[in-house]
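Please open the structure in the viewer and keep the selection tool at hand.

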Amino acid sequence: MAIARQVLCLSAFLSLPHARSEPIRYSVAEEAESGSVLANVAEDAGLAPAQLSARRARLASEDGRQHFRLDRGTGRLVVAERLDREELCGQSATCTLPFELLLANPLQFFRVEVAVEDINDHSPVFPEERVTFKILERSDPGSRFPLEGAQDLDVGSNSIQAYSIAPENDYFSVSFGSRSEDDNYIELVLEKPLDREEQAEVGFSLIAMDGGSPPRSGTTQIRIVVLDVNDNAPVFAQKLYVGQVLENTPEGSVVLRVVATDLDAGPNGDISYQFSQALGHRDSAFTIDPTSGEIKLTESLDFEAAENHELSVRATDGGGLSAICKVLVEVVDVNDNAPELVVSSFSSPLPENTLPGTVVALFTVRDRDAGANGKISCALEDQLSFSLRPAYKNYYELVTVSTLDREEMPRYILTVTAADAGSPPLTTTQTFMVDISDVNDNAPVFNQTSYTMSVRENNVPTVLVGAVSATDADVGPNAKVTYSLAPAQRTEQAPCSCISVNSENGHVFVLRPLDYEQVRQIEVLVSASDGGSPPLSANVTVRLAVVDENDNAPLVLHPLQDSSPPSSELVPVSAEAGYLVTKVVAVDADSGQNSWLSYHLLRATDPGLFVVGAQSGEVRLRRPATERDAVKQKLVVLVRDNGRPPLSATAALSALLLNDFSDMRLPHSSLATEDEGSSLTTYLIISLVFVSLLFLMSTAAFIARKVCKRKELKSGHVLYGAGNLQSSVADAAAMGTLPHAYCYEISLTTGSGNSEFKFLKPILPSLPPQHRGMGGDTNSEQGFPRGPITAEEMAPDNPGTLSAEQFNSLSFN
């Protein structure tokens, strides 16, 4: 079957950027087979075939029926199903199937209209196969007898064009025409009088011919019964009756009443009414009372199915004469159809970084009612992130109007309400559930601004000291957090190698033992990164405090506990209780209570003679010395820290008890005079011999001590009186038993029992630099140094320092 194609060229567009101003028009003959190619719509719309697939081109119609389909590969418009014009458009003069060609990204519309052209596929059909007329034999020539015309579902030239009689006869001819556009008539015309006695019946065929090529025809049989005279035929009061009825009028309701009159009397004036069985009304929704002429409803009407109904009513008298009138029943629309909402496209989920103005859904609305009942308005309920905007005709777009945030709202439930303008209005709602997909727009967040952890020194390797934790507001891979150590500064320096963090759970480990005395705090930067692309990260400072363990024993600074013999402190025998002998100075490398030191007297030659300050380490006399006390006192002081368990060290020291010589004077004169007695000379000789022997013995003991690797020193000698004072002091200085060097001024007088020994100036011992400044107090009554040593006395070249050679050079008078 040939297919006609007609395309109108367009020169203007509407203001909408995505809608064509004039539709693309085609025509196709009805009964076209499915699969027939109608046209290349892509070429006519100015589109490349590749764009159809890329932009998801499709066809959409208001009634939802797809009479055509689009071949995206070629752009051809193809008939999707067999087209029957009469089924689609009925008796309408024109039959147009409108639809839209929709394209996305960007949204674009093309209005397409396909005119379905009629073909002569229906023959004329009379409402009745046989029609009988009863005509008086005295009817005048030229009398007309109305007939029900044939019906042809085709239109235009394919509809009925002519009527004829076969076989032709001398009595009747046929006349047809139209009084108005919608009022066609057909009548039998009596050409010459009938004679019942000559011919009681006349029969022939009435043929209706359409204008198709080839033409089609329909036939009905006409039977004429010749009657005796019935002078008057029924006459209707109106040729056309018009009635209106609401589509929701119940069954049995009277629509209208037709009235016909007959001037004859008797049976010839009795009129009965009946419908002429016109084509398509055999199952009519109406019934007529044959006596009263009332037309009633037999079923409810539907305005959307048919807006009006055309009926033919025949009034027949008792003599067989009849008249025909037309009844037009107009159905009044009632708002009985809610709006319909048809979704053409819908996008979900949406990325949360979707730009405002993005089309989420495209839908069309329609209402089968008419007038105000079919006027529709759409609204979006209480939504700030989305809005509705008209797109084209009755199409609407659901678009975004603001940025989206999945962390704030992962799903939007959008309700679109379509309402008509009826009274009361009818509404339809459509719910769109728009899911928001995640985008990596949130960096991990630590649950603390900084972390402080602690570990005890001397820890085992890979000890767990704590954990950092970060969360990410995103989901999926964008929320998977991994941990790592980051450089502390922007200069890509490596992080601390002694700390490690588990990449999965954030556990912080110390990889090697730490020493509090070397490092007390470590600060690292931990980075948390998510699994997004690109990943986002956050940093947090982790401070690791090393907790001190009591792993360092106290260190005695004074007196020195080296390989040299311990120094001896000089204590006057006349010293009172509380006299400061010396002070033990010690330090502890630990901190806190582990470095709190206490001093205890562990051993002593005479335990009751000395006392040690528990906090200060000062060694003082508990009581005055007596003659019974040993001259040389050995003491061992225990220094203990406050750790758990405590560690300790000992300090060994010695003290020499000397007779009181505070009143001795040493005048600067020659050693001997001519007035000195023999007793003094004898004492001097003995003293010199004793000092020499003592020096030799000290030298031998020193050498032996060095050879025997620090064996215990032999007991020293105590100077008694003025005779052996020089030898004892020299011996003590040579042995290094004096903790401090002092300058002595000695004045001895021959023949006198009074001798004077006076301390002139304290002299520092030769201590290591780190021990300098450690001094005791000075007992002002006894003349012994007790206070702190001054800076001048700490100088290495202090002239007050007394060596063995200087001591031997002392002059004695």
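Strands, as the word is used here, are DSSP runs of E with at least two residues, numbered from the N terminus. The model is predicted.

**First stop: a cis proline**

Select Pro-214, which lies in the loop connecting strand S13 (201–210) and strand S14 (217–227). Display the backbone and turn to the peptide bond that joins Ser-213 and Pro-214: the bond is cis, with omega about 0 degrees.

**Second stop: another cis proline**

Proceed to Pro-424, in the loop between strand S30 (411–420) and strand S31 (427–437). Here the peptide bond running from Ser-423 to Pro-424 is cis, and its omega is near -5 degrees.

Next, select Asn-158, in the loop that lies between strand S9 (144–147) and strand S10 (160–166). Is Asn-158 buried or exposed? Asn-158 counts as buried because its relative accessibility is 11%, and the cut-off for buried is under 20%. Show the side chains and locate Asp-118: the side chain of Asn-158 makes a polar contact with that of Asp-118, at 3.0 Å. Then display the residues that Asn-158 touches, leaving aside those up to four places away in sequence. They are Asp-118, Ile-119, Asn-120, Asp-152, Asp-210, Gly-211 and Gly-212.

Select Glu-31, located in the loop between strand S1 (24–29) and strand S2 (37–40). Although Glu-31 is not a glycine, its phi is positive, at about 70 degrees. Glu-31 has 16% relative accessibility and therefore counts as buried.

Move on to Thr-462, whose place is in the loop between strand S33 (450–456) and strand S34 (463–467). Thr-462, likewise not a glycine, has a positive phi of about 55 degrees.

Is Leu-696 buried or exposed? With a relative accessibility of 54%, Leu-696 counts as exposed, because exposed requires over 50%.

Terms used: Residues numbered from 1 in each chain as written. Predicted model: local features only at pLDDT ≥ 70, side-chain atom pairs only at ≥ 80, totals over all residues. Heavy atoms only, no water. Helix = DSSP H or I, 4+ residues; strand = E, 2+ residues; numbered from the N terminus. Buried < 20%, exposed > 50% of the residue type's maximum accessible area, 1.4 Å probe, protein only. Polar contact = N/O pair within 3.5 Å; in protein donor to acceptor, adjacent residues only side chain to side chain. Contact = heavy atoms within 4.5 Å.
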